[in-house]
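Subject: Structure for you to look at

Hi there,

Here is the structure I promised to pass on, with my notes below it. Please have it open while you read.

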Amino acid sequence: RQFRSNIVVELDDDRAFEEDDWQSVQIGDITFDCVKPCDRCIVTTTDQDSGYRNPDKEPLKTLATFRRLNNKLLFGENLVPRSPGTLRVGDHMQVLASESGPRP
């Protein structure tokens with residue numbers, strides 16, 4: 001909840017941050033363009049139930065050790081739908097284009 005993600009996908013492989021290579025994906029019947037990595041803000045350090053902010057600035061502190069680009073901490077991908085539609089829990093996701101080619 002602290003990362004406020006809108007869509008979470010479960011992948012069959014073990015490659016961390018695979019979404020970095022995505023250019024377009026289809027979820028259900030909606031095609032999305034992957035427009036840029038998502039930079040993370042201080043909300044990720046705040047417990048959503050208590051409002052308590054982690055004094056060690058975790059998880060941003062850890063992300064900063066390996067996910068920093070242009071002074072931003074990256075986690076996830078910003079997607080833009082090509083057309084309106086409805087997403088449902090359990091919809092199939094397919095990578096249509098990526099730097100390494102399409103994948104089911």
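In which sense do β3 and β4 pair, and over how many bridges? The two strands run antiparallel, and 2 bridges join β3 to β4, which covers residues 72-81. In that pairing, leucine 69 sits opposite lysine 72 of β4.

A word on what you are looking at: this is a predicted model, in which local features need pLDDT of at least 70 and side-chain atom pairs count only at pLDDT 80 or more, while totals for chains, interfaces and linings use all residues. Residues are numbered from 1 along each chain as its sequence is written, and side-chain values use heavy atoms, with hydrogens and water left out.

Strands and helices here are DSSP runs numbered from the N terminus (E, at least two residues, for strands; H or I, at least four, for helices), and two strands count as paired if DSSP finds at least two bridges between them.

**The sheet**

The β3-β4 pair belongs to an open sheet of 5 strands with antiparallel pairing, in the order β3-β4-β2-β1-β5. Its edges are β3 (68-69) and β5 (93-98), each of which pairs on one side only.

**The salt bridges**

Side chains of opposite charge can pair when their charged atoms come close. I found 3 salt bridges in the structure, where the term means a side-chain nitrogen of Lys or Arg within 4 Å of a carboxyl oxygen of Asp or Glu. For accessibility, buried is under 20% relative accessible area, exposed is over 50%, and partly exposed is in between (1.4 Å probe, protein chains only).

- Aspartate 20 with arginine 67: the closest N and O atoms are 2.8 Å apart. This pair links distant parts of the chain, 47 residues apart: aspartate 20 is in the segment before β1 (22-27), and arginine 67 is in the loop between α1 (60-63) and β3. Arginine 67 is buried at 11% relative accessibility, whereas aspartate 20 is partly exposed at 33%.
- Arginine 82 with aspartate 33: here the closest N and O atoms are 2.7 Å apart. Arginine 82 lies in the loop between β4 and β5 and aspartate 33 in β2 (residues 30-39), so the bridge ties together parts 49 residues apart in sequence. Arginine 82 is exposed, at 53%, and aspartate 33 is partly exposed, at 27%.
- Aspartate 39 with lysine 36: the closest N and O atoms are 3.8 Å apart. Aspartate 39 is partly exposed at 33% relative accessibility, and lysine 36 is partly exposed at 41%.

Best wishes
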